[in-house]
Amino acid sequence: MRKRNYLLSSIAIGASLLLAACGGGSSSEKDDSLGKINLAYVEWDTEIASTHVVGQVLEDIGYDVSLTPLDNAIMWEAVSKGEADAMVAGWLPATHAAQLEKYGDNLVNLGENLSGAKIGLVVPSYMDVNSIADLKDEAGSTITGIEPGAGIMMATEKALEEYPNLNSWSLLPSSSGAMTVALKQAIANEEDIIVTGWSPHWKFASYDLKYLEDPQGVFGGEETINTFVSTKLEEKAPEAYKVLDAFHWTADDMEKVMLEINDGKKPKDAAADWIKENQDIVKQWTADVK
């Protein structure tokens with residue numbers, strides 16, 4: 001199964017890179033371009049929001065920016081090899097600990113760009129269960145997950161091993177979009193559902209949800225989302241390096257962009273609108289740009 005998943009991921013990556021090479025990302029050619037920047041990201045709602053915002057800021061100061069969606073593990077690998085210039089999607093200390101250990105020596109960690117993040121198992125508030133340890137046979141003993149290879153999927157697989165009451169449970173891989181569709185349908189019918197959840201996320205503003213308590217501590221505590229760049233970026237694109245180093249916003253900022261995207265606005269347009277309305281924050285990110 002792992003080989004098959006890797007093969008599928010590789011096919012997707014190839015298609016994504018080809019798309020970017022053909023100009024299918026958010027790139028734009030400018031005569032006065034400072035150069036090309038390729039930002040890698042995973043198509044999770046959080047990372048779609050943050051990558052489009054910082055990508056738009058880089059474009060506004062003069063870079064020709066490409067945004068390349070990748071599988072999580074390949075995103076880390078691509079930045080570590082300099083095949084992508086940067087990503088703003090490293091969840092630490094727990095979610096992406098394995099990727100940091102594997103690729104960290106060949107990356108530059110510019111630190112957190114958002115604090116107060118969290119992962120865990122999430123259920124609608126109407127469900128009469130508050131702890132992972134109390135789960136019995138809800139939702140057909142199935143947890144609805146996201147893309148295979150995601151850190152939260154690895155943590156959930158560990159939870160299935162460490163919680164005796166989950167020994168016969170299954171983790172159903174899907175995608176971030178499919179997970180939220182399943183959540184929406186279950187809530188509409190007031191059915192049981194347990195999903196792999198993380199915040200910030202627009203679903204907490206849209207639905208009445210709760211994290212299940214995690215007495216074993218499998219999902220860790222508070223997380224930060226961090227920015228990692230290629231070891232060559234500071235020399236290649238010093239102004240982009242400064243912006244990425246200064247990039248920092250709040251969960252409320254991110255959720256505003258995510259909600260607009262979920263309501264139907266294109267990510268690029270949602271990012272541009274947020275930038276227009278938050279010039280005071282953007283000026284802090286670009287303060288050192290010459």
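The side chain of Ser 131 makes a polar contact with the backbone nitrogen of Ala 133, at 3.1 Å. A polar contact is a pair of N or O atoms within 3.5 Å; within protein, one must be able to donate a hydrogen and the other to accept it, and residues adjacent in sequence count only if both atoms are side-chain atoms. This is a predicted model, in which local features need pLDDT of at least 70 and side-chain atom pairs count only at pLDDT 80 or more, while totals for chains, interfaces and linings use all residues. Residues are numbered from 1 along each chain as its sequence is written, and side-chain values use heavy atoms, with hydrogens and water left out.

Ser 131 sits in the loop between β4 (107–124) and β5. Helices (H or I, at least four residues) and strands (E, at least two) are DSSP runs, numbered from the N terminus. Is Ser 131 buried or exposed? Ser 131 is buried, at a relative accessible area of 6%. Buried means under 20% relative accessible area, exposed over 50%, and partly exposed in between (1.4 Å probe, protein chains only). Leaving out residues up to four places away in sequence, Ser 131 touches Leu 212, Glu 213 and Pro 215. Contact here means heavy atoms within 4.5 Å.

## Helix α6

Buried residues of α6 are Ser 176, Met 179, Thr 180, Leu 183 and Ala 186. They cover an arc of only 125 degrees around the axis, so they lie on the same side of α6. The arc is that of the directions from the helix axis to the C-beta atoms. An α-helix has 3.6 residues a turn, so residues three or four places apart point the same way.

On the other side of α6, Lys 184 and Ala 188 are exposed. The cover over the buried residues of α6 includes α2 (45–60), β5 (142–144) and β7 (194–199), along with α7 (203–206) and β8 (209–211). After α6 comes Glu 190, with a positive phi near 50 degrees.

Strand β2 (residues 63–69) has 7 of its 7 residues buried. On one side these are Tyr 63, Val 65, Leu 67 and Pro 69; on the other, Asp 64, Ser 66 and Thr 68. In a regular strand the side chains alternate between the two faces of the sheet.

Strand β1 (residues 35–41) pairs with β2 in the parallel sense over 7 bridges. Pairing requires at least two bridges found by DSSP between two strands. Ile 37 has Val 65 as its bridge partner in β2.
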